[in-house]
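This briefing concerns the chain shown below.

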Amino acid sequence: MKPELSNDDLKTLSQCINSLKKFGFENDFQAVENGISAAGAEKIYAPEDVSIVNFYRFEGETDPADSAVLYAIETTDGAKGTLSDSYGAYADKAVADFIVAVENIGKKHIE
């Protein structure tokens, strides 16, 4: 049986991140030149080295600037983590460019 995040897990960005950590998505990825890297790590993952297994959108209740998207990412060497970004006018170009380059993007249950 594949675990799923409940509606309670999806109420806020921080709740979603904490819930994903329970499923092994512990790394906090950041966009860097030529890819993404886990916070505090030197390894850089190129777009072809990752799969986006799921993504979640959060909209600010009172301010559209609070809108965000969270990506659950698995790498070819087994590392799991999340990458977050604002979307719309406040999106980070480095994150957006990386996501566009990733070929394996899915919306599925997290294992």
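Ala 79 sits in the loop between β4 (68-75) and β5 (80-86), where helices (H or I, at least four residues) and strands (E, at least two) are DSSP runs numbered from the N terminus. The model is predicted: local features need pLDDT of at least 70 and side-chain atom pairs count only at pLDDT 80 or more, whereas totals for chains, interfaces and linings use all residues. Residues are numbered from 1 along each chain as its sequence is written, and side-chain values use heavy atoms, with hydrogens and water left out.

**Overall composition**

- The protein chain contains two helices and five strands, in the order α-β-β-β-β-β-α from the N terminus on.
- Of the 111 residues in the protein chain, 35% are buried; buried means under 20% relative accessible area, exposed over 50%, and partly exposed in between (1.4 Å probe, protein chains only).
- Among contacts in the protein chain with a separation of 6 or more, 52% are between residues 24 or more positions apart, a contact being heavy atoms within 4.5 Å.

- Strands β4 and β5 are antiparallel and share seven bridges; two strands pair if DSSP finds at least two bridges between them.
- Within this pairing, Val 69 has Asp 85 in β5 as its bridge partner.
- The two strands form a hairpin with four residues between them, and Gly 78 in the turn has a positive phi of about 95 degrees.
- Strand β1 (residues 27-32) runs parallel to β5 and is joined to it by two bridges, with Asp 28 opposite Thr 82 in β5.

- Ala 79 is buried because its relative accessible area is 17%.
- Beyond its neighbours within four places in sequence, Ala 79 contacts Asn 27, Tyr 45, Ile 73 and Glu 74.
- Asn 27 is 52 residues from Ala 79 along the chain, yet their C-alpha atoms are separated by 7.5 Å.
- Thr 75 belongs to strand β4 and counts as buried at 9% relative accessibility.
- The side chains of Thr 75 and Asp 77 are joined by a polar contact of 2.5 Å; such a contact is a pair of N or O atoms within 3.5 Å, and within protein one must be able to donate a hydrogen and the other to accept it, while residues adjacent in sequence count only if both atoms are side-chain atoms.
- Apart from neighbours within four places in sequence, Thr 75 touches Phe 29, Tyr 45, Asp 49 and Val 50, each by the contact criterion.

**The aromatic pair**

- The structure holds one aromatic pair; rings of Phe, Tyr and Trp (its six-membered ring) pair if their centres lie within 6.5 Å, with planes under 30 degrees apart counted as stacked, over 60 as edge-to-face and the rest as tilted.
- Phe 29 and Tyr 45 form this pair, which is edge-to-face, at 6.0 Å centre to centre and 90 degrees between the planes.
- Phe 29 lies in strand β1 and Tyr 45 in the loop between β2 (35-38) and β3, so the pair ties together parts 16 residues apart in sequence.
- Phe 29 is buried at 2% relative accessible area, and Tyr 45 is buried at 7%.

**Helix α1**

- In helix α1 (residues 13-22), the buried residues are Cys 16, Ser 19 and Leu 20.
- These residues cover an arc of only 100 degrees around the axis, which puts them on the same side of α1; the arc is that of the directions from the helix axis to the C-beta atoms.
- The buried residues of α1 pack against β3 (50-58), β4 and β5.

**Helix α2**

- Val 95, Phe 98 and Ile 99 are buried in α2.
- Viewed down the axis of α2, its buried residues fall within an arc of 95 degrees, so they line one face of the helix.
- The buried residues of α2 pack against β1, β2, β3, β4 and β5.
- Exposed residues Lys 93 and Val 100 are carried on the face of α2 turned away from its buried side.
- Val 100, in helix α2 (residues 93-101), has a relative accessible area of 72% and is therefore exposed.
- Asp 92 caps the N-terminal end of α2, with a side-chain oxygen 2.8 Å from the backbone nitrogen of Ala 94.
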